[in-house]
Amino acid sequence: MSASTDSSAGHPVLVVGAGPAGLSAALALRAAGLPAVVLERRTEGAVRPGSRAAYLHGASLRELERLSPGLGHEVAGRGLLWATKRSYWAGEEIYARTYPQTARGGLPHFTSLPQVITEDLMVAACRMQGVTFHWDVEVASARSTAEGVLLTDSAGREWRSDYVVAADGSRSVLRAACGSPLEGPRSPNTFVVVDLEDDPEHHPMPIERTFHYRHPDLGGRNVLTLPFAGGWRVDVNLRVDDDPMRFLSPEGLRRWIPRVLPEAYGERVRWVSTYRFAQQVAADFTDAHRRILLTGEASHLFAPFGARGMNSSIPDAVRAVGAVLQALEAGRDRAAAGAAVSRFAQERKEAALYNRACAGSALDHMLARSPSLWLRQRAAAAVATVGRRAGEWLDSAPYGPKLTARGAARSSY
Ligand SMILES: Cc1cc2nc3c(=O)[nH]c(=O)nc-3n(C[C@H](O)[C@H](O)[C@H](O)COP(=O)(O)OP(=O)(O)OC[C@H]3O[C@@H](n4cnc5c(N)ncnc54)[C@H](O)[C@@H]3O)c2cc1C
């Protein structure tokens with residue numbers, strides 16, 4: 001079916017964006033027996049730069065498995081598990097823990113792989129489940145009324161639907177159409193994120209996650225090193241007065257990478273970027289008519305520490321589809337339909353605020369701008385090798401609070 005034919009027909013629901021949120025929404029629609037139509041501005045098969053989400057929680061794997069049986073296992077099978085985590089303070093090891101390798105046959109409690117691979121597997125699952133994709137369709141504007149939504153793409157074609165699941169990322173056109181600004185701060189410091197290709201044959205490295213507080217070979221900056229399937233992520237916390245170009249340029253990379261990884265890795269950089277991480281949540285997750293449902297980065301941006309971006313985009317999308325189903329079932333009962341969408345908007349905004357607070361606490365810990373926190377960290381580092389709890393705290397704080405049962409219920413990730 002061509003896009004122009006399709007666009008003249010009304011759809012019960014359209015999904016905008018084929019990132020993790022949009023693909024999850026499409027799978028959830030098919031799992032519920034509804035047609036799933038996705039509009040995506042990229043060309044089919046175009047690879048997005050950067051590995052971005054490298055860490056997927058077990059809850060996400062279980063959700064993907066539920067949406068498309070086999071998908072969670074496939075993603076986990078392509079990912080990497082590390083059993084050891086280590087923290088250092090000014091070059092001295094202050095904490096290490098190795099977990100036993102348990103082969104329980106179920107899904108692991110996390111996996112680590114490039115986001116592009118996860119997305120490829122999700123697209124393949126979507127095709128298997130009968131999702132229709134319209135690539136090269138960039139939604140340029142949206143207008144919602146009490147009757148539904150009219151989308152216009154950049155080629156001037158119109159697309160009508162009763163509801164829209166908006167999954168069009170951080171610069172969301174749909175969020176703008178809802179008149180719902182992102183609210184919240186941005187980190188004052190810049191972070192450099194580098195992905196490097198693994199070289200297990202010539203330069204094998206222990207498969208461990210390490211966090212260096214005040215790395216002595218990098219001028220006392222904090223450095224996170226994280227393995228993922230096929231590579232390594234290095235995340236450096238720059239100082240406010242650092243010039244990011246010193247770290248980003250090819251010469252800069254060749255200078256500092258060998259200080260934190262074996263020298264050959266200076267030539268194995270595959271992707272590099274700088275971020276001042278946003279900590280922002282949309283004012284409202286829907287429009288005045290309760291027809292557009294904002295999900296994923298269309299509705300929230302978190303610093304990645306604690307891996308709450310993609311991991312929360314999946315439940316956003318699943319809940320949005322649940323609300324659309326209730327609204328469609330409510331039919332002409334406009335109040336009931338609107339109430340279902342309002343519940344979604346409220347629940348996911350609450351989850352986003354919770355996740356932002358967790359990511360914010362990780363960010364504060366890493367920046368350690370308050371003298372009391374800085375002193376607490378120093379004191380903990382001084383006793384960490386004898387006081388297990390101090391080491392545990394320093395090791396876990398860069399990722400935000402542990403997900404307690406209460407937190408899990410509140411955030412549903
Ligand atoms: C360095 C870094 C590390 C990260 N690490 C993690 C991690 O370990 N774990 C984690 O959970 N998260 C992580 N994240 C966050 C994660 O990458 C995002 O949360 C996730 O990609 C959000 O998915 P999304 O579908 O909402 O948006 P996106 O992935 O941005 O997808 C949006 C899609 O919509 C399309 N689109 C945009 N505008 C339009 C339009 N007008 N019309 C049609 N299509 C459109 C885009 O082309 C794109 O395909 C990280 C992010 C960064 C930057």
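A backbone N or O atom of alanine 167 lies 3.5 Å from an oxygen atom of the ligand, and, taken alone, the ligand exposes 1000 Å², of which the protein buries 93% (accessible areas come from the Shrake-Rupley method with a 1.4 Å probe, and for residues only the protein chains shown count as cover). This is a predicted model, in which local features need pLDDT of at least 70 and side-chain atom pairs count only at pLDDT 80 or more, while totals for chains, interfaces and linings use all residues. Residues are numbered from 1 along each chain as its sequence is written, and side-chain values use heavy atoms, with hydrogens and water left out.

**The ligand and its shell**

- The ligand is surrounded by 33 residues, and the closest are Glu40, Arg42, Gln115, Glu297 and Met310; a residue is near a molecule or strand if one of its heavy atoms lies within 4 Å of it.
- A backbone N or O atom of glutamate 297 lies 2.8 Å from an oxygen atom of the ligand, and a polar backbone atom of asparagine 311 is 2.9 Å from an oxygen atom of the ligand.
- For such polar contacts the pair of N or O atoms must lie within 3.5 Å; within protein, one must be able to donate a hydrogen and the other to accept it, and residues adjacent in sequence count only if both atoms are side-chain atoms.
- Helices α2 (20–31) and α9 (309–330) each supply at least two residues of the shell, and the largest share, 4 residues, comes from α9; helices (H or I, at least four residues) and strands (E, at least two) are DSSP runs, numbered from the N terminus.
- By class, the shell has 16 nonpolar, 8 polar and 9 charged residues, where Ala, Val, Leu, Ile, Met, Phe, Trp, Tyr, Cys and Pro count as nonpolar, Asp, Glu, Lys and Arg as charged, and the others, Gly among them, as polar.

**The buried side of helix α8**

- In helix α8 (residues 250–260), the buried residues are Gly252, Leu253, Trp256, Ile257 and Val260. They cover an arc of only 110 degrees around the axis, which puts them on the same side of α8; the arc is that of the directions from the helix axis to the C-beta atoms.
- Buried means under 20% relative accessible area, exposed over 50%, and partly exposed in between (1.4 Å probe, protein chains only).
- The buried residues of α8 pack against β12 (191–197), β13 (208–215), β14 (221–228), β15 (231–237), α7 (244–248) and β16 (269–275), contact meaning heavy atoms within 4.5 Å.

**Arginine 175**

- Arginine 175 lies in helix α6 (residues 173–178) and counts as buried at 10% relative accessibility.
- Not counting residues up to four places away in sequence, arginine 175 touches Gly169, Ser170, Ser180, Leu182, Ala282, Leu294, Glu297 and Ala298, and its side chain reaches the backbone oxygen of serine 170 at 2.7 Å.
- The C-alpha atoms of arginine 175 and isoleucine 292 are separated by 8.6 Å, although these residues are 117 residues apart along the chain.

- Asparagine 237, in strand β15, is buried with a relative accessible area of 8%, and its contacts beyond four places in sequence include Asn189, Phe191, Arg221 and Met366.
- Valine 240, in the loop between β15 and α7, counts as exposed at 62% relative accessibility.
- Histidine 365, in helix α10 (residues 334–367), is buried with a relative accessible area of 3%, and the residues it touches beyond four places in sequence include Tyr213, Trp393 and Pro398.
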